[in-house]
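Here is a short note for a colleague who is starting to read structures of this kind. Please keep the sequence and the model open beside the numbered points.

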Amino acid sequence: MLDFKIFIVEDDKWYGNLLHHFLSQNPDYEVTLIGSGKECLAQLHRKPDLITIDFGLPDMNGEELYRKIKQAQPNVPVIIISAQEKITTAVDLLKMGAEDYLVKDENTQQLLWKAIIRLRENQSLKNEITQLKAELKTRYDYSTSIVGKSPALQAVFRLIDKAAGSMINVSITGETGTGKELVAKAVHYNSNRSGHPYVAVNMAAIPKELVESELFGYEKGAFTGAQNRKTGRFEEANGGTLFLDEIGEMDLNIQSKLLRVLQEKELIRLGGNSKIKLDFRLVVATHKNLADEVKKGNFREDLYYRIVGLPIALPPLRERKDDLLLLTQFFLANYCKENKIPEIRVSPASREKLLSYNYPGNIRELKSVIELAAVMSENNVIEPDDITFLSGNNHDVDTVLNTELTLREYTRLIIRNYLKRYNDNVLLVAEKLDIGKSTIYKMLQTGEIEGA
Amino acid sequence: MRADHALYSYNYLYKISDNPAFIHKMISLFINSVTEYAGDLQQLQETKVLHDLKRTIHKLKPSVLSMEVTGAREIILMLEEKSVWDEDLEKLVEQLKGIFQQIKPMMEADLTELKI
Ligand SMILES: Nc1ncnc2c1ncn2[C@@H]1O[C@H](COP(=O)(O)OP(=O)(O)OP(=O)(O)O)[C@@H](O)[C@H]1O
Ligand SMILES: [Mg+2]
């Protein structure tokens with residue numbers, strides 16, 4: 001702990017030295033004796049943790065010095081020590097916020113000693129409370145960034161809490177866009193390791209040949225091109241959480257290496273020979289059914305049991321339609337806030353339309369649908385025509401047909417798609433679709449569809 | 001050196017520390033103070049400003065009481081009660097000054113005795 005700096009402002013050298021001697025008995029206290037009010041103010045930049053002032057200083061009285069100290073440093077505790085027993089002065093100073101008011105007598109030092117101890121206890125209590133509050137705040141923040149009131153999501157929240165409160169491994173499953181990454185972060189940031197690193201690695205995003213060096217790191221000269229030592233992601237996550245996203249994509253060779261790391265809790269960098277201790281919580285996610293992958297021989301059974309830990313399954317959006325409008329409001333509100341525009345409403349007919357769709361891209365898709373609709377809307381109301389479900393290319397015919405749209409909406413969707421594909425070449429698109437070019441021009445003119 | 005004297009006492013100092021250097025320092029600081037206070041009182045006997053007298057009394061009270069200076073406590077308490085500058089008060093000031101002047105050389109002698 002850092003030293004507790006105490007200023008004793010006292011012009012009576014005898015008394016000042018007495019207090020100095022007395023307080024210096026505690027080795028944690030760094031005590032400075034100061035002879036005048038002016039000198040005290042000049043020394044304030046040293047940021048004392050406590051100031052005791054003698055009420056009867058020759059250059060300014062205690063009350064004046066008290067005010068000036070508080071002006072410069074409002075939070076520093078001040079104890080007044082006075083030879084006067086004038087109770088009104090004492091009451092006034094205490095009302096102004098002085099920590100204590102002591103009368104000089106044979107008990108003063110003991111009282112001062114106790115007052116300082118009490119003060120420090122209160123301070124550490126205060127610090128603890130601010131810390132707790134900060135923690136609570138981030139917890140709260142997280143549960144507001146994951147939106148949902150449906151029983152399915154409430155169950156997920158309970159699991160996040162359970163996971164956060166322990167060090168157990170966590171496996172998150174769910175279709176694409178259901179919020180797996182969001183949950184992984186929530187587990188980490190609500191855990192008592194939140195002050196430590198959160199390291200996310202997407203197994204689908206790293207070329208196979210690089211996975212090992214990325215995870216394990218390497219020593220200088222481990223292979224051609226290894227010009228410097230590199231710490232791997234396992235090591236980076238030390239003390240915190242490692243999130244392995246799309247773990248189902250990990251190939252069998254790496255799977256066995258990961259299993260070893262989890263068993264031994266240590267690793268050796270590529271080209272190295274010293275063992276490095278590891279201590280992280282593992283969170284994995286996949287949109288695949290890992291148990292099926294085990295049956296198919298694509299995933300090691302022993303690794304599966306190691307990583308499964310506390311499983312959290314995220315329901316697809318179509319199974320919790322009760323959250324859909326809530327999420328819509330959430331994304332809309334965020335959109336308006338980010339773009340500094342007035343609130344946008346969703347008309348009842350639009351609500352119906354939003355609810356009728358089945359969202360294969362889940363919440364990620366809903367989010368882009370809403371943001372696009374917000375862009376398209378006029379007069380701060382989203383009308384059904386502002387809502388376009390499939391913006392493009394990554395959805396197959398099946399999902400298009402599963403979507404309940406009017407024929408006109410289908411037409412619009414298909415034309416948009418084609419225009420995009422053929423760089424707004426209206427003639428070509430008309431030819432491909434075997435429709436009149438005027439149909440397309442009319443839709444473009446009315447704004448029913450936009451060019452790319 | 002004895003802690004007890006007829007006119008004052010170092011008991012208090014010995015109670016809070018057994019470090020001779022500290023005792024020495026506190027005694028010499030006290031000698032400086034009483035010299036100063038005797039001078040202040042002398043001056044006050046001429047200016048006769050009650051307010052200033054009270055301030056001096058407050059200043060010297062803690063150390064003088066702690067050193068158990070014989071007779072000083074009573075004088076100080078009476079002076080604290082005073083609200084006018086009268087003959088009675090003048091007498092008290094004179095007495096206090098006298099005490100200070102009397103103990104100063106005695107304490108100085110104590111200091112030479114105190115080995116550090
Ligand atoms: N319950 C929710 N409340 C608010 N936003 C959410 C919620 N769930 C997901 N989102 C948002 O949806 C988007 C997709 O979420 P995320 O990336 O976590 O999904 P994922 O399951 O990891 O998807 P993928 O499998 O494709 O990686 C993000 O923008 C995320 O903020
Ligand atoms: Mg993801």
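**Notes on the two chains**

1. Between chain B and chain A there are 7 residue pairs in polar contact, counting pairs with both residues at pLDDT 80 or more; a polar contact is a pair of N or O atoms within 3.5 Å, where within protein one must be able to donate a hydrogen and the other to accept it, and residues adjacent in sequence count only if both atoms are side-chain atoms. On the side of chain B that touches chain A, the elements giving two or more residues are helix H1 (11-16), helix H2 (20-47) and helix H3 (50-66) of chain B. The residues of that side divide into 10 nonpolar, 5 polar and 4 charged; here Ala, Val, Leu, Ile, Met, Phe, Trp, Tyr, Cys and Pro count as nonpolar, Asp, Glu, Lys and Arg as charged, and the others, Gly among them, as polar.

2. This is a predicted model, in which local features need pLDDT of at least 70 and side-chain atom pairs count only at pLDDT 80 or more, while totals for chains, interfaces and linings use all residues. Residues are numbered from 1 along each chain as its sequence is written, chains are lettered from A and ligands numbered from 1 in the order in which they are written, and side-chain values use heavy atoms, with hydrogens and water left out.

3. In the interface, 19 residues of chain B are in contact with 20 residues of chain A, contact meaning heavy atoms within 4.5 Å. The two chains bury about 1,600 Å² between them, 60% of it on carbon and sulfur atoms; buried area is the accessible area (1.4 Å probe) that two parts lose on being put together, summed over both.

4. How many salt bridges does the rule find across the interface of chain B and chain A? The rule finds 3 there, a salt bridge being a side-chain nitrogen of Lys or Arg within 4 Å of a carboxyl oxygen of Asp or Glu. In one salt bridge between the chains, B:Lys59 pairs with A:Glu10, the closest N and O atoms being 3.7 Å apart. B:Lys59 lies in helix H3 of chain B and A:Glu10 in the loop between strand E1 (4-9) and helix H1 (13-23) of chain A, so the pair joins two chains.

5. Chain A has an open sheet of 5 strands in the order E7-E10-E13-E6-E14, with parallel pairing; helices (H or I, at least four residues) and strands (E, at least two) are DSSP runs, numbered from the N terminus, and two strands pair if DSSP finds at least two bridges between them. Strand E7 (198-202) and strand E14 (310-313) of chain A stand at the edges, each with a single partner strand, so one side of each is left without a neighbour in the sheet. Within this sheet, 4 bridges join strand E10 (residues 241-245) to strand E13 (residues 281-286) of chain A, and A:Leu242 stands opposite A:Leu282 in E13(A).

6. Another open sheet of 5 strands in chain A has the order E2-E1-E3-E4-E5, again with parallel pairing. Its edge strands are strand E2 (29-34) and strand E5 (100-103) of chain A, each of which pairs on one side only.
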